[in-house]
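Work through the exercises below with the structure open. Try each task before reading its solution.

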Amino acid sequence: MDLGSILVPICICVVLPVLIVFLIGRVRQNEMNRKTEIVLKAIENGQSIDPDLFKSSPKKTSIKKDLLEKLNGACVTSLMGTAFLLLYLFMGDSYGFNYFLPYAAGAMLAVGIGLFISYFAGKKMLAKEIEAEEKGLLENK
């Protein structure tokens with residue numbers, strides 16, 4: 001048993017997620033510290049403070065954009081599943097990981113097909129909302 005075969009999964013499964021969470025926390029803390037510094041300087045100078053400064057503004061996305069993201073995800077996962085399936089069928093057992101490919105292909109194809117179904121169902125169900133949203137955008141121009 002090789003030490004590398006033990007350390008690589010531990011680093012990927014434990015250290016990497018902890019590092020990502022730590023970095024995201026540091027970014028948010030740094031952002032909050034900068035906002036606090038701005039507010040303290042504004043108070044020192046006697047200026048009015050915007051009460052919405054510390055509120056996080058949720059990103060407003062359109063229904064059409066959400067549906068297009070689903071379609072994009074469906075295309076990518078379906079193509080990856082198809083590629084894994086083709087690799088399994090035509091590669092043979094030359095690389096030794098042939099047992100993994102049909103499971104990966106099945107999972108990717110299942111996710112892709114699910115996203116395709118979700119896209120087309122959403123497109124059909126939300127047609128009126130998309131049309132109203134487009135009219136609102138055209139009127140605002």
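**Exercise 1.** Which residues in α2 meet which residues in α4?

Solution. Note at the start that this is a predicted model.
- Step 1: take the α2 side, where Ile 63, Lys 64 and Leu 67 make the contact.
- Step 2: take the α4 side, where they meet Glu 129, Ile 130, Glu 133 and Glu 134.
- Step 3: sort the contact by type, which gives 3 nonpolar, no polar and 4 charged residues.

**Exercise 2.** Classify how the axes of α2 and α4 cross.

Solution. 
- Step 1: read off the geometry. The axes of α2 and α4 cross at roughly 125 degrees and come within 9 Å.
- Step 2: apply the cut-offs. Roughly perpendicular ends at 115 degrees, and roughly antiparallel needs over 145.
- Step 3: conclude that α2 is therefore oblique to α4.

**Exercise 3.** Describe the packing of α2 against α3.

Solution. Two packed helices are described by the angle between their axes and the distance between the axes.
- Step 1: locate the helices. α2 covers residues 63–91, and α3 covers residues 101–125.
- Step 2: get both values. The angle is about 155 degrees, and the axes are 7 Å apart.
- Step 3: compare with the cut-off of 145 degrees. α2 and α3 are therefore roughly antiparallel to each other.
- Step 4: assign the hand. α2 passes α3 in a left-handed crossing.
- Step 5: sort the residues of this contact, which are 21 nonpolar, 8 polar and 2 charged.

**Exercise 4.** Check the length of α2 and of α3 against 1.5 Å a residue.

Solution. 
- Step 1: α2 has 29 residues, for which 42 Å is expected. From first C-alpha to last, α2 reaches 41 Å, close to that value.
- Step 2: α3 has 25 residues, which should span 36 Å. The end C-alpha atoms of α3 are 36 Å apart, so the two values agree.

**Exercise 5.** List what is buried in α2 and in α3, and say what covers it.

Solution. 
- Step 1: in α2, the buried residues are Leu 67, Ala 74, Thr 77, Ser 78, Gly 81 and Met 91. Their cover includes α3 and α4.
- Step 2: in α3, they are Leu 101, Ala 104, Ala 105, Met 108, Gly 112, Tyr 119 and Gly 122. The cover here includes α2.

**Exercise 6.** Why does Leu 71 count as partly exposed?

Solution. 
- Step 1: Leu 71 lies in helix α2.
- Step 2: use the cut-offs. Buried means under 20%, and exposed over 50%. Leu 71 has 22% relative accessibility, so it counts as partly exposed.
- Step 3: find its partners. Leaving aside neighbours within four places in sequence, Leu 71 is in contact with Phe 116 and Tyr 119.

Methods: Residues are numbered from 1 along each chain as its sequence is written. This is a predicted model: local features need pLDDT of at least 70, side-chain atom pairs count only at pLDDT 80 or more; totals for chains, interfaces and linings use all residues. Side-chain values use heavy atoms; hydrogens and water are left out. Axes are lines fitted to C-alpha atoms, for helices over the stretch in contact, and angles run from 0 to 180 degrees between N-to-C directions. Helices (H or I, at least four residues) and strands (E, at least two) are DSSP runs, numbered from the N terminus. Angles under 35 degrees count as roughly parallel, over 145 as roughly antiparallel, 65 to 115 as roughly perpendicular and the rest as oblique. A crossing is left-handed if the near helix is turned anticlockwise from the far one by less than a right angle, and right-handed if clockwise. Ala, Val, Leu, Ile, Met, Phe, Trp, Tyr, Cys and Pro count as nonpolar, Asp, Glu, Lys and Arg as charged, and the others, Gly among them, as polar. The expected span of a helix is 1.5 Å times one less than its number of residues. Buried means under 20% relative accessible area, exposed over 50%, partly exposed in between (1.4 Å probe, protein chains only). Contact means heavy atoms within 4.5 Å.
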